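Here's a quick briefing to read alongside the sequence and the 3D view. Keep the picture open and find each spot as you go.

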Amino acid sequence: RAIDSFVTRRAICGLTSRDYNRLFVRALNASQESPPTEAGTIVREMLAAQTASSGAWPSDSEFMAGLLNANLYSSQYKARMRSLLVALENHLRSALNEDVGAVSAKKSDLSIEHLLPQKWRTNWPTIDGTDEADAQRQDAVHRLGNLTLLTRALNPTLSNNDWATKSAELRRQTLLRLTTSSVFATPTNADEEWTDHEWSAVWDEERIRQRSLWLAQLAVEAWPRPE
(Lines give C-alpha, C1' and ligand atoms only; values in the text may rest on other atoms or scores of the structure.)
Protein backbone atom coordinates (compact mmCIF):
# COMPACT_ATOMS: atom_id res chain seq x y z
CA ARG A 1 0.00 0.00 0.00
CA ALA A 2 2.89 2.36 0.75
CA ILE A 3 4.48 1.65 -2.65
CA ASP A 4 1.13 2.22 -4.39
CA SER A 5 0.70 5.58 -2.63
CA PHE A 6 4.31 6.60 -3.30
CA VAL A 7 4.15 5.79 -7.02
CA THR A 8 0.64 7.20 -7.55
CA ARG A 9 1.33 10.48 -5.78
CA ARG A 10 4.56 11.05 -7.67
CA ALA A 11 2.93 10.23 -11.01
CA ILE A 12 0.01 12.61 -10.44
CA CYS A 13 2.45 15.33 -9.39
CA GLY A 14 4.43 14.82 -12.60
CA LEU A 15 7.61 13.69 -10.82
CA THR A 16 10.27 11.53 -12.45
CA SER A 17 10.49 7.76 -12.12
CA ARG A 18 14.05 7.50 -13.39
CA ASP A 19 15.59 6.55 -10.01
CA TYR A 20 12.99 3.89 -9.14
CA ASN A 21 15.25 0.97 -10.09
CA ARG A 22 17.86 1.90 -7.47
CA LEU A 23 15.32 3.07 -4.90
CA PHE A 24 13.26 -0.11 -4.91
CA VAL A 25 16.31 -2.37 -4.90
CA ARG A 26 17.33 -0.57 -1.69
CA ALA A 27 13.80 -1.01 -0.32
CA LEU A 28 13.88 -4.72 -1.21
CA ASN A 29 17.25 -5.20 0.47
CA ALA A 30 16.09 -3.36 3.59
CA SER A 31 12.93 -5.46 3.84
CA GLN A 32 14.87 -8.72 3.36
CA GLU A 33 17.14 -7.80 6.26
CA SER A 34 14.17 -7.30 8.61
CA PRO A 35 11.75 -9.80 10.17
CA PRO A 36 8.91 -10.60 7.73
CA THR A 37 6.32 -9.03 10.03
CA GLU A 38 8.19 -5.70 9.89
CA ALA A 39 8.92 -5.60 6.14
CA GLY A 40 6.00 -3.31 5.36
CA THR A 41 6.97 -0.87 8.08
CA ILE A 42 10.59 -0.83 6.89
CA VAL A 43 9.58 -0.06 3.29
CA ARG A 44 7.10 2.62 4.36
CA GLU A 45 9.62 4.36 6.61
CA MET A 46 12.35 4.18 3.98
CA LEU A 47 10.14 5.76 1.32
CA ALA A 48 8.93 8.45 3.74
CA ALA A 49 12.54 9.33 4.58
CA GLN A 50 13.47 10.20 0.99
CA THR A 51 14.20 13.92 0.50
CA ALA A 52 15.77 14.13 -2.97
CA SER A 53 13.47 15.35 -5.74
CA SER A 54 13.95 12.02 -7.53
CA GLY A 55 12.53 10.09 -4.58
CA ALA A 56 10.41 12.36 -2.37
CA TRP A 57 6.96 11.10 -1.39
CA PRO A 58 4.58 14.04 -2.12
CA SER A 59 2.72 15.53 0.83
CA ASP A 60 -1.07 15.77 1.00
CA SER A 61 -1.00 19.39 -0.19
CA GLU A 62 1.32 18.56 -3.10
CA PHE A 63 -0.86 15.59 -4.08
CA MET A 64 -3.98 17.77 -3.91
CA ALA A 65 -2.33 20.37 -6.13
CA GLY A 66 -1.52 17.70 -8.72
CA LEU A 67 -5.06 16.32 -8.63
CA LEU A 68 -6.55 19.80 -9.06
CA ASN A 69 -4.36 20.58 -12.07
CA ALA A 70 -6.55 21.90 -14.90
CA ASN A 71 -4.73 19.67 -17.39
CA LEU A 72 -4.77 16.52 -15.27
CA TYR A 73 -6.36 14.29 -17.92
CA SER A 74 -4.20 15.51 -20.80
CA SER A 75 -0.98 15.42 -18.76
CA GLN A 76 -1.28 11.77 -17.65
CA TYR A 77 -1.14 8.42 -19.42
CA LYS A 78 -4.72 7.35 -20.05
CA ALA A 79 -4.11 3.97 -18.39
CA ARG A 80 -2.96 5.77 -15.25
CA MET A 81 -6.02 8.02 -15.23
CA ARG A 82 -8.28 5.02 -15.68
CA SER A 83 -6.56 3.23 -12.79
CA LEU A 84 -6.96 6.36 -10.64
CA LEU A 85 -10.71 6.52 -11.32
CA VAL A 86 -11.16 2.76 -10.79
CA ALA A 87 -9.38 3.02 -7.43
CA LEU A 88 -11.58 5.95 -6.39
CA GLU A 89 -14.67 3.91 -7.35
CA ASN A 90 -13.51 1.05 -5.14
CA HIS A 91 -12.69 3.46 -2.32
CA LEU A 92 -16.23 4.88 -2.48
CA ARG A 93 -17.89 1.50 -2.01
CA SER A 94 -18.94 0.89 1.57
CA ALA A 95 -20.86 -1.51 3.77
CA LEU A 96 -24.04 0.36 2.80
CA ASN A 97 -23.68 -0.65 -0.86
CA GLU A 98 -24.62 -3.95 -2.44
CA ASP A 99 -21.71 -6.38 -2.45
CA VAL A 100 -20.86 -6.33 -6.15
CA GLY A 101 -17.12 -6.76 -5.63
CA ALA A 102 -14.24 -4.48 -6.50
CA VAL A 103 -13.67 -3.14 -10.00
CA SER A 104 -10.42 -4.29 -11.64
CA ALA A 105 -8.51 -1.71 -13.64
CA LYS A 106 -6.88 -4.48 -15.65
CA LYS A 107 -9.96 -6.55 -16.49
CA SER A 108 -12.74 -3.98 -16.39
CA ASP A 109 -14.54 -2.95 -19.58
CA LEU A 110 -14.66 0.67 -18.48
CA SER A 111 -13.38 3.76 -20.23
CA ILE A 112 -12.94 7.38 -19.18
CA GLU A 113 -15.81 9.72 -19.98
CA HIS A 114 -15.75 13.52 -19.97
CA LEU A 115 -19.12 14.64 -18.58
CA LEU A 116 -18.63 18.04 -20.19
CA PRO A 117 -17.48 16.82 -23.63
CA GLN A 118 -14.09 17.64 -25.07
CA LYS A 119 -16.01 18.91 -28.12
CA TRP A 120 -18.53 20.99 -26.20
CA ARG A 121 -19.15 23.98 -28.47
CA THR A 122 -22.01 22.47 -30.50
CA ASN A 123 -24.30 21.21 -27.74
CA TRP A 124 -22.85 22.94 -24.66
CA PRO A 125 -22.50 26.65 -25.58
CA THR A 126 -21.87 29.12 -22.76
CA ILE A 127 -24.72 31.43 -21.81
CA ASP A 128 -23.14 34.70 -22.94
CA GLY A 129 -20.71 33.31 -25.53
CA THR A 130 -17.87 35.63 -24.55
CA ASP A 131 -14.23 34.70 -24.93
CA GLU A 132 -13.85 34.70 -21.15
CA ALA A 133 -16.80 32.33 -20.65
CA ASP A 134 -15.52 30.04 -23.38
CA ALA A 135 -12.05 30.01 -21.81
CA GLN A 136 -13.49 29.10 -18.39
CA ARG A 137 -15.47 26.26 -19.93
CA GLN A 138 -12.46 24.93 -21.80
CA ASP A 139 -10.41 25.14 -18.60
CA ALA A 140 -12.90 22.77 -16.90
CA VAL A 141 -12.86 20.01 -19.52
CA HIS A 142 -9.82 18.01 -18.40
CA ARG A 143 -10.21 18.50 -14.64
CA LEU A 144 -10.68 15.54 -12.30
CA GLY A 145 -14.22 16.62 -11.43
CA ASN A 146 -15.33 16.30 -15.05
CA LEU A 147 -14.24 12.68 -15.39
CA THR A 148 -16.08 9.44 -14.69
CA LEU A 149 -16.13 5.87 -15.98
CA LEU A 150 -18.54 4.25 -18.44
CA THR A 151 -18.68 0.92 -20.20
CA ARG A 152 -17.03 1.00 -23.59
CA ALA A 153 -20.40 0.20 -25.16
CA LEU A 154 -22.18 3.14 -23.52
CA ASN A 155 -19.45 5.75 -23.91
CA PRO A 156 -19.80 6.38 -27.68
CA THR A 157 -23.60 6.57 -27.50
CA LEU A 158 -23.42 9.56 -25.12
CA SER A 159 -20.40 11.31 -26.58
CA ASN A 160 -21.14 15.01 -27.18
CA ASN A 161 -24.87 15.00 -26.38
CA ASP A 162 -26.39 17.85 -24.37
CA TRP A 163 -26.69 17.38 -20.62
CA ALA A 164 -30.42 16.61 -20.59
CA THR A 165 -29.93 13.70 -23.00
CA LYS A 166 -26.68 12.54 -21.49
CA SER A 167 -27.79 12.64 -17.86
CA ALA A 168 -31.04 10.79 -18.59
CA GLU A 169 -29.14 7.92 -20.21
CA LEU A 170 -26.54 7.89 -17.44
CA ARG A 171 -29.28 7.62 -14.82
CA ARG A 172 -30.74 4.63 -16.63
CA GLN A 173 -27.46 2.77 -17.08
CA THR A 174 -24.75 3.59 -14.55
CA LEU A 175 -24.28 1.73 -11.28
CA LEU A 176 -20.92 3.26 -10.37
CA ARG A 177 -20.61 5.23 -7.14
CA LEU A 178 -18.19 7.53 -8.91
CA THR A 179 -21.21 8.92 -10.80
CA THR A 180 -24.18 8.27 -8.55
CA SER A 181 -22.63 9.84 -5.43
CA SER A 182 -21.26 13.07 -6.91
CA VAL A 183 -22.91 13.69 -10.29
CA PHE A 184 -26.51 12.75 -9.48
CA ALA A 185 -26.11 13.48 -5.78
CA THR A 186 -24.54 16.51 -4.12
CA PRO A 187 -20.96 15.85 -2.92
CA THR A 188 -20.55 16.19 0.82
CA ASN A 189 -18.16 19.14 0.48
CA ALA A 190 -20.58 21.31 -1.57
CA ASP A 191 -20.39 25.01 -0.72
CA GLU A 192 -24.16 25.52 -0.84
CA GLU A 193 -27.32 23.78 0.33
CA TRP A 194 -28.05 22.01 -2.94
CA THR A 195 -30.78 19.43 -3.29
CA ASP A 196 -29.71 16.47 -5.39
CA HIS A 197 -32.16 17.57 -8.08
CA GLU A 198 -30.71 21.10 -8.19
CA TRP A 199 -27.17 19.77 -8.26
CA SER A 200 -27.75 17.38 -11.17
CA ALA A 201 -30.06 19.62 -13.20
CA VAL A 202 -27.09 21.12 -15.06
CA TRP A 203 -23.40 20.34 -15.39
CA ASP A 204 -21.12 23.36 -15.38
CA GLU A 205 -17.80 24.78 -14.27
CA GLU A 206 -18.88 25.28 -10.63
CA ARG A 207 -20.03 21.69 -10.24
CA ILE A 208 -16.81 20.47 -11.84
CA ARG A 209 -14.78 22.61 -9.42
CA GLN A 210 -16.56 21.28 -6.36
CA ARG A 211 -16.52 17.67 -7.53
CA SER A 212 -12.79 17.99 -8.32
CA LEU A 213 -12.11 19.06 -4.74
CA TRP A 214 -14.28 16.25 -3.35
CA LEU A 215 -12.55 13.56 -5.43
CA ALA A 216 -9.11 14.99 -4.60
CA GLN A 217 -9.90 14.74 -0.89
CA LEU A 218 -10.99 11.13 -1.38
CA ALA A 219 -7.74 10.41 -3.22
CA VAL A 220 -5.71 11.69 -0.26
CA GLU A 221 -7.58 9.17 1.89
CA ALA A 222 -7.21 6.35 -0.64
CA TRP A 223 -3.44 6.89 -1.06
CA PRO A 224 -2.29 7.87 2.45
CA ARG A 225 1.18 9.03 3.38
CA PRO A 226 2.84 8.81 6.82
CA GLU A 227 3.00 12.04 8.81
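The protein chain has 12 helices and two strands. Keep in mind that this is a predicted model. Start at the N terminus and the elements come in the order α-α-α-α-α-α-β-α-β-α-α-α-α-α.

**The whole chain**

- The C-alpha trace spans about 60 × 45 × 35 Å along its principal axes.
- The chain has 227 residues, and 44% of them count as buried.
- Take the contacts in the chain with a separation of 6 or more: 70% of those come from residues 24 or more positions apart.

**Where α6 meets α12**

- Helix α6 covers residues 78-92 and helix α12 covers residues 205-222; the two pack at an angle of about 80°, and their axes are 10 Å apart.
- Angles of 65 to 115 degrees count as roughly perpendicular, so α6 and α12 are roughly perpendicular to each other.
- On the α6 side, the contact is made by L88, H91 and L92. On the α12 side, look for W214, L215, L218, A219, E221 and A222.
- Sort the residues of this α6 and α12 contact by type and you get seven nonpolar, one polar and one charged.

**Where α4 meets α12**

- Helix α4 (60-67) also packs with α12, at an angle of about 140° and with the axes 9 Å apart.
- That angle makes α4 oblique to α12.
- If you like handedness, α4 passes α12 in a right-handed crossing.
- From α4, the residues D60, F63, M64 and L67 meet L213, A216, Q217, A219 and V220 from α12.
- The residues in this contact of α4 with α12 split into seven nonpolar, one polar and one charged.

**The nonpolar cores**

- A bit of background first: in soluble globular proteins, nonpolar side chains tend to be buried together.
- In this model, the largest nonpolar core has 28 residues. L67, L84, L88 and L149 are the ones with the most contacts inside it.
- Which elements give two or more residues to this core? They are α4 (60-67), α5 (72-75), α6, β1 (110-114), β2 (147-151) and α12.
- Helix α12 gives the most to this core, with seven residues.
- Zoom in on L88: leaving aside its neighbours within four places in sequence, L88 is in contact with L178, L215, L218, A219 and W223.
- There's also a second, separate core of 18 residues, and W124, W163, A190 and W199 are among them.

- Q210 is in helix α12. Is Q210 buried or exposed? Its relative accessibility is 1%, so Q210 counts as buried.
- Not counting residues up to four places away in sequence, Q210 touches N189, A190, D191, W194 and W199.
- L170 sits in helix α9, which runs over residues 163-173. With a relative accessible area of 0%, L170 is buried too.
- Skip the neighbours within four places in sequence, and L170 is in contact with L115, L150, L158, W163 and F184.
- For a sense of distance, L170 and A30 are 140 residues apart along the chain, and their C-alpha atoms are separated by 49 Å.

- S83 has its place in helix α6.
- S83 and S5 are 78 residues apart along the chain, and their C-alpha atoms are separated by 13 Å.
- G14 is found in the loop between α1 (2-12) and α2 (20-32). With a relative accessible area of 61%, G14 is exposed.
- Now find G66: G14 and G66 are 52 residues apart in sequence, and 7.7 Å apart in space from C-alpha to C-alpha.

Methods:
Residues numbered from 1 in each chain as written. Heavy atoms only, no water. Axes fitted to C-alpha atoms, helices over the stretch in contact; angles between N-to-C directions. Helix = DSSP H or I, 4+ residues; strand = E, 2+ residues; numbered from the N terminus. Parallel < 35°, antiparallel > 145°, perpendicular 65-115°, else oblique. Contact = heavy atoms within 4.5 Å. Nonpolar A, V, L, I, M, F, W, Y, C, P; charged D, E, K, R; others polar. Core = buried A, V, L, I, M, F, W, Y, C linked by side-chain atoms within 4.5 Å. Buried < 20%, exposed > 50% of the residue type's maximum accessible area, 1.4 Å probe, protein only. Left-handed = near helix turned anticlockwise from the far one by under 90°.
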